Amino acid sequence: MIRVAHPHPGRRAKLAGLLIVGLAGFLITCQVDQLLSPPATAALLTSLGVVADSAPVGSTAMLGHTISVSSSGTSVTWSARAVDTASWLVLSALSGTTPSTFTVQFNPGHLPTGTYTDSIAFTPALAAGSATYVPVSFKVKSCSITPEMIDARIADSLTTGDCAAPHGNGQFGEVYSFSDSGNDSLSAVLVSGFGAIISLDTSLAPAALVVARAPNCSLPQQTTCFLYRLLPQARTYYVEVMSASAGQTGSYTLALTRPHPPSAPDSLGQYLSDSATTVPIGGAVAHDTLVFRAVLNDPDLGDSLVLQVEAKPTGTGFTGVPTATSVRVGNGAHAWVTVSGLSNNAFYHWQARTLDQTGRGSPWLAFGSPA
């Protein structure tokens, strides 16, 4: 057992005073600590927990998203930064005070295809260790491909949000696809307010061979075209529309068509060998030669056409085998064909048809009644 000696009565009073003074000092110290302690910092709140977007490779359009930054209770000053300092991530501000809005932009620039990630750290000024993190994800993807039906007119445009044309050199492009059973032809005609190029491909790989490429067009009032390009295989084909120069944009219309059969010959007529004197229906001539004329038309603007005539003695049926064929003429032009060696004292009837350069023919059209 340990005994503690009682203090002297006189010292007891002094000790009590010391205890009182010490306690007062302790109380004063606690109050000072409370005054110097920082107030509780309100947590930062963001309207978006994740920001994600995508863009085609080669595009230059900036993609933006707005984030609201707030706090519970008191207003808070904050700072923002990209954790990995990604160059494709553009922040609208580096600081602010709640409540406020903040914009994050994705810049596809010259990024290759792939998925890029980073985070944005929003940090309150009075509590540097309690940041709020918003993950961001940006996907750069290959050109999108639009399936199209042949013989449909396409109205579209090139914008800075389009990809770089696979077979271009930095130009914006749009890609269309179609399937074909092979051994047929395709024509593509484009009208635009800017210089344009059309390519026909079997693959979008940059090193793949281009089947056809057209920077201009022989047809009037058309910007660019290629006509009757053979599709040698049964497969999927691609048509690229691109600007002639990097950075060009604008609207356009594109027609992809297979060859159509020509129209039946129009304005049929029969003439003497001078090609000027008309022979009426049922008329008699003193020559063994006649000239036949017609106007030839085809729904395909670039077609070249011939007039075929089959002449048979009256009472002999037609066989569909032409007796004579004209020289080739342009769409909408007059065609003339000469038939010689007609028999004397004989009656004839005849029919005609239009044939295009692909071998497609119109229905036969008989001339006159009676022949």
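A residue is called buried here if its relative accessible area is under 20%, exposed if over 50%, and partly exposed in between (1.4 Å probe, protein chains only). Strand β26 (residues 348–356) shows what that looks like: eight of its nine residues are buried, so the strand is largely enclosed by the rest of the structure. The structure is a predicted model, in which local features need pLDDT of at least 70, side-chain atom pairs count only at pLDDT 80 or more, and totals for chains, interfaces and linings use all residues. Residues are numbered from 1 along each chain as its sequence is written, and side-chain values use heavy atoms, with hydrogens and water left out.

As for the overall make-up, the protein chain has one helix and 27 strands. Both kinds of element are DSSP runs numbered from the N terminus: helices are H or I with at least four residues, strands are E with at least two. Of the 371 residues in the protein chain, 37% are buried. The chain exposes about 19,900 Å², and carbon and sulfur atoms supply 57% of that area; such areas come from the Shrake-Rupley method with a 1.4 Å probe, and for residues only the protein chains shown count as cover.

Two strands pair if DSSP finds at least two bridges between them. Strand β22 (residues 304–313) is joined to β26 by nine bridges, and the two run antiparallel.

Elsewhere, four strands make an open sheet, in the order β11-β19-β14-β17, with antiparallel pairing. Its edges are β11 (152–158) and β17 (224–231), each of which pairs on one side only. From one strand to the next, the twist averages 20 degrees, where axes are lines fitted to C-alpha atoms (for helices over the stretch in contact) and angles run from 0 to 180 degrees between N-to-C directions. Seven bridges hold the antiparallel pairing of β11 with strand β19 (residues 250–257), and Arg 153 has Ala 255 in β19 as its bridge partner. In general, strands of a sheet pair through backbone hydrogen bonds, either parallel or antiparallel.

Ser 157 sits in β11, and it counts as partly exposed because its relative accessibility is 25%. Leaving out residues up to four places away in sequence, Ser 157 touches Asp 162, Glu 174, Gly 250, Ser 251 and Tyr 252. Ser 157 and Thr 253 are 96 residues apart in sequence, yet 8.2 Å apart in space, C-alpha to C-alpha.

Next come the nonpolar cores, each a set of buried Ala, Val, Leu, Ile, Met, Phe, Trp, Tyr and Cys residues joined through side-chain atoms within 4.5 Å. The largest has 24 residues, and Trp 88, Leu 89, Phe 102, Val 104, Ile 120 and Phe 122 have the most contacts inside it. Several strands supply at least two residues each, including β2 (51–56), β5 (89–91) and β8 (114–124). The top contributor is β9, with four residues. Apart from this core lies another, of 22 residues, among them Tyr 176, Leu 186, Ile 198 and Val 239.

Finally, there are three salt bridges, each a side-chain nitrogen of Lys or Arg within 4 Å of a carboxyl oxygen of Asp or Glu. Arg 258 and Asp 180 meet at 2.6 Å, N to O. That pair links distant parts of the chain: Arg 258 is in the loop between β19 and β20 (266–271), and Asp 180 is in strand β13 (residues 172–180), 78 residues apart. Arg 258 is partly exposed, with a relative accessible area of 23%, whereas Asp 180 is buried at 7%. Arg 258 also forms a salt bridge with Asp 184, at 3.6 Å. Since Asp 184 lies in strand β14 (residues 184–192), this pair ties together parts 74 residues apart in sequence. Asp 184 is itself buried, at 18%. The side chains of Asp 184 and Arg 360 meet at 3.3 Å, with Arg 360 in the loop between β26 and β27, 176 residues from Asp 184. Put together, Asp 180, Asp 184, Arg 258 and Arg 360 are linked in a network of salt bridges.

Note on methods:
Contact means heavy atoms within 4.5 Å.
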